[in-house]
Amino acid sequence: MAGMKTMENVIVLVNRIQRACTVLGDHGGGDRASSLPTLWEALPSVAVVGGQSSGKSSVLESIVGRDFLPRGSGIVTRRPLVLQLHKTEEGVQEYAEFLHMPKRHFTDFALVRKEIQDETDRLTGKTKQISPIPIHLSIYSPHVVNLTLIDLPGLTKVAVEGQPESIVEDIENMVRSYVDKPNCLILAISPANQDIATSDAIKLARDVDPTGERTFGVLTKLDLMDKGTNALDILSFIEVLEGRSYRLQHPWVGIVNRSQADINRNVDMIIARQKEQEFFASSPEYSHLASRMGSEYLAKLLSQQLEAAIRARIPSITSLINKTIDELESEMDHLGRPIASDAGAQLYLILELCRAFDKIFKEHLDGGRPGGDRIYGVFDNQLPSALRKLPFDRHLSIENVKRVVSQADGYQPHLIAPEQGYRRLIESALSYFRGPAEASVDAVHSRLKELVRTSIGETQELKRFPTLQAELAAACYEALERFREDGRKTTLRLVDMEAAYLTVEFFRKLPQEVDKPGPGNPGTGNPSTPPVDRYTDAHFRRIATNVSAYIGMVSETLKNTIPKAVVHCQVREAKRSLLNYFYTQVGRKDAKQLAVLLDEDPALMERRQQCFKRLELYKSARDEIDAVSWTR
């Protein structure tokens with residue numbers, strides 16, 4: 001009794017897990033495209049396979065003891081039907097319940113048939129198309145055993161009107177997606193009134209189960225055999241067939257259809273046993289009894305085999321479940337948890353994401369991550385190189401110095417030293433420094449923008465939110481643009497300051513020129529200073545040398561002060577207040593606007609929802625298995 005209780009528990013366990021699989025979108029073969037782990041395919045199951053009009057429906061109805069499946073010609077079963085049988089106490093009214101209509105109990109099984117047809121049409125339309133998404137039907141009755149059977153579309157050889165040319169291959173692929181699993185028991189249905197050597201079900205079973213260990217042969221329509229045909233003849237033929245090519249490891253079972261066709265035949269009820277093969281046939285008046293006898297034997301046999309398969313698979317299923325839970329939780333952490341709907345939580349999330357980005361950005365600047373060194377490269381390499389390349393040689397050529405000094409003198413040549421000429425040469429030379437100053441500002445601006453892009457890409461939490469990424473980048477670029485303008489103004493102001501006030505002490509320390517004696521010019525009387533003619537090349541060359549020395553001094557000064565200004569105005573401000581304006585703007589947004597910022601990539605949202613459902617399924621299955629294990 002305890003063993004029976006355990007058997008019922010493990011079968012009911014699989015029933016519950018399969019129901020959860022269907023509710024949460026895991027139905028085996030149809031899940032491959034999503035790359036999600038599938039629990040359905042790890043569960044032992046019983047798939048009912050046969051050609052069209054082979055009597056699959058009759059077998060299922062015989063097992064249940066009720067007519068409840070759609071009938072007709074062509075493809076009647078167009079979606080897998082997961083039929084779960086639940087044994088109830090004697091005296092309890094039989095009823096059926098669909099997973100998509102969980103609160104409605106069907107006691108009229110004609111309405112069950114109609115609902116199966118309607119639910120099929122709801123998904124496939126009133127066409128002859130098929131779908132891999134199963135219909136889930138539970139039947140509660142004292143006349144059944146706990147068992148789950150999966151009724152699959154009948155195999156066919158040709159497409160009929162209204163069907164795509166690929167229907168033959170589509171159906172076979174769907175059926176194979178179930179029976180290919182090594183833990184799937186195959187109920188291979190073959191009609192006795194047709195040549196069993198060409199049975200679609202047996203051909204497929206031989207393909208996927210060459211040893212015959214998980215295939216159960218079922219002969220239907222024994223009551224429709226030609227007059228004079230004996231069921232023992234069929235048995236003998238199967239014996240020959242199996243000895244030749246394919247032997248099943250389980251007894252064959254004969255099922256008399258619930259149809260009363262050909263009632264004029266008088267076939268005695270036969271219970272044939274030969275090499276553990278079992279058949280049930282009947283005369284017309286005993287057809288219902290024979291059908292029940294055959295179907296009850298078949299149901300009990302399948303239930304026993306399913307229970308054994310479940311027992312054998314529980315350790316590996318438990319291991320798979322625990323491993324998959326860890327993998328799914330890891331992916332959920334990577335994908336991020338669902339977003340709260342209230343504005344306060346959304347604002348908090350946005351600020352947290354911004355802080356995560358800001359932390360990475362600062363790490364780049366401070367050396368914790370690569371990239372900040374490129375800013376130093378602007379000051380250590382680019383700026384000095386640009387200063388060295390300024391065209392001072394051309395500017396201070398003898399010809400240009402003469403021209404500038406002469407223009408500065410105007411109509412009255414200078415009397416002692418060409419002060420105005422010096423000023424013009426220096427001021428015009430200092431204007432060349434504006435280029436390297438602005439270039440340094442632009443180069444650092446470019447480096448900072450690159451670091452913003454890199455930091456956004458490295459902030460894993462932001463990957464979910466492309467809209468927020470774009471808004472954050474735009475806000476950062478806008479702030480950096482303001483910092484660049486401040487840096488440009490400050491560095492140019494440094495250059496202008498050098499031009500606005502020349503360092504007098506520099507010129508006071510220069511050796512003074514001595515005029516050459518001439519008429520009316522007795523000279524300085526200083527014998528240590530050679531006399532100079534103020535209008536010779538030597539005089540202008542000396543002016544150029546003095547101006548060059550002064551420009552060199554200013555260049556050294558700017559080489560040190562431009563980086564200070566750039567860092568102060570751009571780098572320091574980027575560290576201190578890069579997101580200040582963005583924070584202000586975000587704080588003014590309402591819930592709808594915040595939701596827009598947190599608008600995720602639809603593909604990511606779908607993936608997270610899929611993972612969440614699948615994780616829920618695996619945790620539920622773990623709990624179910626744990627509950628059964630306590631009852632052992």
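In this predicted model, D108 caps the N-terminal end of helix α3. A side-chain oxygen of D108 lies 3.0 Å from the backbone nitrogen of A110. Helix α3 comprises residues 109–124, 16 residues in number. At 1.5 Å a residue, α3 should span 22 Å. Its end C-alpha atoms are 23 Å apart, which agrees with that expectation. Just after the helix, G125 takes a positive phi of about 80 degrees. The buried residues of α3 are F109, V112, E115, I116, E119, T120, D121 and T124. Their cover includes strands β2, β3, β4 (101–106) and β5 (135–141).

E94 sits in the loop between β2 (81–87) and β3 (95–98). With a relative accessible area of 13%, E94 is buried, because the cut-off for burial is under 20%. The side chains of E94 and S141 are joined by a polar contact of 2.6 Å.

V218 has V253 of β9 as its bridge partner.

Eight of its eight residues are buried, so β7 is largely enclosed by the rest of the structure. In a regular strand, side chains alternate between the two faces of the sheet. In β7, C184, I186, A188 and S190 point one way. L185, L187, I189 and P191 point the other way. Residues of both sets are buried. On one side, six bridges join β1 to β7, and these strands run parallel. V46 stands opposite L185 in β7. Six bridges also join β7 to β8, again in parallel. There, P191 has T220 of β8 as its bridge partner.

Residue F216 lies in β8 (residues 215–220). Its relative accessibility is 1%, so F216 counts as buried. Contacts of F216 beyond four places in sequence include L185, I186, L187 and A188. Also touched by F216 are L248, H250, L301, L302 and Q305. F216 and L301 are 85 residues apart in sequence. Their C-alpha atoms are 9.4 Å apart in space.

Helix packing was examined next. Two packed helices are described by the angle between their axes and the distance between the axes. Helix α13 (residues 434–458) packs with helix α16 (residues 537–577) at an angle of about 40 degrees. Their axes are 10 Å apart. The crossing of α13 past α16 is right-handed. From α13, the contact is made by A437, S440, V441, V444, H445 and L448. From α16, the contributors are I562, V566, Q570 and V571.

A443 also lies in α13. At 7% relative accessibility, A443 counts as buried. Beyond four places in sequence, A443 touches V378 and Q382. A443 and V378 are 65 residues apart along the chain. Their C-alpha atoms are separated by 6.8 Å.

Helix α19 (residues 602–630) holds E624. This glutamate is buried, with a relative accessible area of 18%. Leaving aside neighbours within four places in sequence, E624 is in contact with L13, R16 and I17.

Overall, the protein has 19 helices and 13 strands. Of its 632 residues, 49% count as buried. Among contacts with a separation of 6 or more, 80% join residues 24 or more positions apart.

How values were computed. Residues are numbered from 1 along each chain as its sequence is written. This is a predicted model: local features need pLDDT of at least 70, side-chain atom pairs count only at pLDDT 80 or more; totals for chains, interfaces and linings use all residues. Side-chain values use heavy atoms; hydrogens and water are left out. Helices (H or I, at least four residues) and strands (E, at least two) are DSSP runs, numbered from the N terminus. Buried means under 20% relative accessible area, exposed over 50%, partly exposed in between (1.4 Å probe, protein chains only). A polar contact is a pair of N or O atoms within 3.5 Å; within protein, one must be able to donate a hydrogen and the other to accept it, and residues adjacent in sequence count only if both atoms are side-chain atoms. The expected span of a helix is 1.5 Å times one less than its number of residues. Contact means heavy atoms within 4.5 Å. Two strands pair if DSSP finds at least two bridges between them. Axes are lines fitted to C-alpha atoms, for helices over the stretch in contact, and angles run from 0 to 180 degrees between N-to-C directions. A crossing is left-handed if the near helix is turned anticlockwise from the far one by less than a right angle, and right-handed if clockwise.
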